[in-house]
Amino acid sequence: MAEANLNSAAQVVTLKPTKGWLGIDLKELWHYRELIYFLTWRDIKVRYKQAVLGIAWSVLQPVLTTAIMTVVFGILLKVESDGLPYPVFALSALLPWHLFQLSLQKSSISLVGNANLLTKVYFPRVIIPLSSVLAALVDFFISLVLLFITMAIYKIPLTWSVLWVIPLTLLSVLAALAVGLWLSALNVQYRDVQQMVPFLIQIWMYATPIVYPITTIPEGTFRYIYSLNPMVGVVQGFRWAFFGGSPPDMTLLISSLAVLVLLVSGLFFFRRMEKTFADVV
Amino acid sequence: MMDSDLSILVRGIGKRYKIGATQQRTDTLRDLITAQAARIGSSLRGKNHRSDEADHIWALRDVNFEVKRGQALGIIGRNGAGKSTLLKVLSRVTDPTEGYGELRGRVGSLLEVGTGFHPELTGRENILLNGAILGMHKKEIEARFDEIVAFSEVEKFIDTPVKRYSSGMYLRLAFAVAAHLEPEILVVDEVLAVGDADFQRKCLGKMGDVANSGRTVLFVSHNMSAILRLTQDSIVLDKGKVLLRAPSSEAVDFYLNRGLSKLGERFWEEDEVPVSSVPFRPLAIRILDKTGQVSDSVRSVEPIRIEIDYELTEDVTGLRVGYYLFTTRGEPVFTSFDIDSEELFKEYTARPKGIYTSRCTIPPDTLNEGRFLLGINASSYGIRRYFQDDQALSFSVDASGAPGTHWPEPRPGPVRPVLGWEIEQKGST
């Protein structure tokens, strides 16, 4: 793709075929920051248009899922929950999970959904999956209030370790972006991807300690392999940040490394594929 | 690095498409797997799959040109000549396969108005969003907000979701945003083909302003009069190659006269003609330009010839062969038959069987610019209609050089005659 010298007064844009693998151009991305903002804003605005309950859905969804899980897993199947009340146990995992799930759903179809933009105007393509991930973040922040309410109800004290939520949220956003980059680019060429995503999300949810505690997974090598799922570290970290207990230590480290690998490879793959987006989408 | 007075420089740009990659929109994994399997299968059988060139087409090949800053360049060519691909490469939507180019300054493209409009958002919200997509900064959009709204004439509905707009309002708003974008290089593709006559006039006027304000404009259009009005120089594209770069008037002449526009001819196969037509059998109808070339695009200022070939399988009495001329909107312009004149009417009371051509010339300065439709009719008045086809052939008329084309406005009405005018001063005050 063309490289723009964005600093000089008269910007000169070069057109030439791109070859090989390219990294991401952060300077250019910064130049387009307003577009990132507007596309994110559009996604948020549009999501709950003509819905009576509007943004309240971002709170209702985790509440309803928590209720279902509490009935099925907490009451009927009596799954253990690290000594926490089951609703608190489930909700603390569901919030970051919902963030991840929504980001992934939206970003994987984002390029195809914005085909008219891809074929008409130039801008760094990575903005599209990026802004759909960012839009999901707003829902997450609203739903976070729920967790504090629940903690108050169950009289669970708040500690400084709650601040860990910030890097953990960032980690789950990056994880969703990483997978979103792969899937959105693949979906441009193979629409099978968007058929696959719902199943992928389902499998992924059961491969994450949401309905069951991580202690169910045997410690040692198996736990390490299990932690390659980035959401394991995030969910485990969330529970620890709010309720204490076993810190995520190695789990979180492995999960972070997995995100890093996915993200870097995702960026390169995306840049590799993006020059053909306009021709095949 | 190019000279500083150049705005665009293009060297040997080529774009190759894989055949099927663009048409076959839903490539699925299954397709990929079966294709791979077929390839492995054929290589196992020793057949080497090396039809690489055959699987690809060059939409552009070895395109070279440059545009000076502040110049307006027209791009002419028939459908499929590579115009849109060229604009896509220049606006960086797609990468060239080969070659090199430089653009100085921000490129704004009006490849399609309303890009990125979201039906659920209000007019106000869409202006902000669309502006950002077209590369405007928030401050710029806000500074021009009122101007954009005024130009679009949708003030009253600015806080209504655009899905409730009429298509006209939608287009006006979309064009208004795009027109107020102020890039150093503006790329325009056929935006004027939309909207009603009034709005088209407004758009054309705005385009003229842009071209006159010292910005570089690339303008693609099928409307030769618009090309002549808005551009100084033009390039003629055909099959992905630049055939000519010349002052626009020369380039337009070259394009129209070289018959690059697709053939204005229609043949009837035997099975296309109903049995009820016997003894009349239409063979062909064609449009010829001044030089006798068959052409789909003729000029208003030159004579236009229409020929109808037909066969009579028996002698026919009182036959008249002629055509109806319609605009593409279906308004009749006129009707004419080959024995309309007194002499021919007396001479051809009966025609013996044989093959005929009825030939008609529309005198210069008759038709206005636009697309017209020819319907054919063969009948014996008060006795029988043998054959009728209301949509036998269509053709375009180009008004360049016709009266009044020095003003940048389309003129309503299907005819554009040269009329006698006198101006008389009745004294001075």
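1. The model is predicted, with local features requiring pLDDT of at least 70, side-chain atom pairs counting only at pLDDT 80 or more, and totals for chains, interfaces and linings using all residues. Residues are numbered from 1 along each chain as its sequence is written, while chains are lettered from A and ligands numbered from 1 in the order in which they are written.

2. Chain B holds an open sheet of 4 strands in the order E10-E11-E13-E18, with antiparallel pairing; strands are DSSP runs (E, at least two residues) numbered from the N terminus, and two of them pair if DSSP finds at least two bridges between them. Strand E10 (265-267) and strand E18 (354-362) of chain B are at the edges with a single partner strand each, so one side of each has no neighbour in the sheet. On average, and with direction ignored, neighbouring strands of this sheet are turned by 15° against each other, where axes are lines fitted to C-alpha atoms, for helices over the stretch in contact, and angles run from 0 to 180 degrees between N-to-C directions.

3. The contact between the chains takes 32 residues from chain A and 41 residues from chain B, two residues being in contact if their C-beta atoms, placed from the backbone, lie within 7 Å. On the side of chain A that touches chain B, H2(A) gives the most, with 6 residues.

4. In chain A, the axes of helix H11 (residues 230-243) and helix H12 (residues 249-274) come within 7 Å and cross at roughly 135°, helices being DSSP runs (H or I) of at least four residues. H11(A) and H12(A) are therefore oblique to each other, a class left for angles that are not under 35 degrees (roughly parallel), over 145 (roughly antiparallel) or 65 to 115 (roughly perpendicular).
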